[in-house]
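Trainee: Please take a close look with me at a single part of this model. I'd like to hear how its pieces meet and what they join.

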Amino acid sequence: MIHPTAIVHEGARLATDVSVGPYSIIGEHVEIGAGTSIGPHVVINGHTRIGKDNRIFQFSSLGEMPQDKKYQGEETRLEIGDRNVIREFCTFNRGTSQDVGVTRVGDDNWIMAYVHLAHDCQIGNHTIFANNAQLAGHVQVGDYAILGGFTVVHQFCHIGGHSITGMGTILFKDVPPYVTAAGHEAQPHGINSEGLKRRGFSSEAILAIKRAYKTLYKSGLTLEQAKLALAEQAHACPEIQILTDFLAHSTRGIIR
């Protein structure tokens, strides 16, 4: 399953059915789980752990040292879960000691060509990153979020679950769960109602999320007043609790 032109360090740990394409390089501290396919000309370095049934396409670079001038060779990691698709020319850097020391990608993510995940990013499950989405360091992305092509995210931003960004969106602040964001600088444009329908949200829950969006963005309330109102709405709809928890932990402020 390993092409004769591939270079796999004797210290790397690969499941017996992992395939490695021509001219790929697998470093000493790499661990790759069963059923994963590595295409040609892929470089995987550092303390990198990749789970099961992933498909990694040609010319990607995973687990290289972070692009951070403070990095001094500390033993940090990249962890990738199961059943992810990682397309051509993606670059995922490992973490830094200034954060948790690990860049994480969850399960069942669809990551298109030329996506960059900088050091210490934390990516959930079932996300979609369209071509050329670019994340600076320390960014967090929730489950089922969708980043449109050429979305650019400033360091330390949080992107809530089930949100979606338009093509060419530039984010300097957090995107709450369920919200559609677009523009330079990004602004809110309603909720991702079509995505919620596709994921089985009830019509009642979607109406409640729309009401919460109006409370947050259309009511004229201050952010603190809106948080109090949303806390009341969360009693009747658990989906709103996800939104209130996100707002409580936002440090960069939310798009307005």
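Mentor: The crossing of helix 2 and helix 3 is right-handed (the near helix is turned clockwise from the far one by less than a right angle). Helices here are DSSP runs of H or I with at least four residues, strands are E runs of at least two, and both are numbered from the N terminus. This is a predicted model, where local features need pLDDT of at least 70 and side-chain atom pairs 80 or more, while totals for chains, interfaces and linings use all residues. Residues count from 1 along each chain as written, and side-chain values use heavy atoms, without hydrogens or water.

The two axes, lines fitted to C-alpha atoms over the stretch in contact, with angles from 0 to 180 degrees between N-to-C directions, come within 9 Å and cross at roughly 160 degrees. Helix 2 and helix 3 are therefore roughly antiparallel (over 145 degrees).

On the helix 2 side, Ala208, Arg211, Ala212, Thr215 and Leu216 are in contact (heavy atoms within 4.5 Å) with Leu223, Ala226, Ala229, Leu230 and Gln233 of helix 3. Seven residues of this contact are nonpolar, two polar and one charged.

Of its 61 residues, Ile44, Phe92, Phe129, Leu135 and Val141 touch the most other members. Helix 2 (203-217), helix 3 (223-234), helix 4 (238-249) and strand 11 (77-80) are among the elements that each supply at least two residues, and helix 2 gives the most, with eight. Leu135 itself is in contact with residues including Phe129, Val141, Leu147 and Val153, leaving aside neighbours within four places in sequence.

Key
Core = buried A, V, L, I, M, F, W, Y, C linked by side-chain atoms within 4.5 Å. Buried < 20%, exposed > 50% of the residue type's maximum accessible area, 1.4 Å probe, protein only. Parallel < 35°, antiparallel > 145°, perpendicular 65-115°, else oblique. Nonpolar A, V, L, I, M, F, W, Y, C, P; charged D, E, K, R; others polar.
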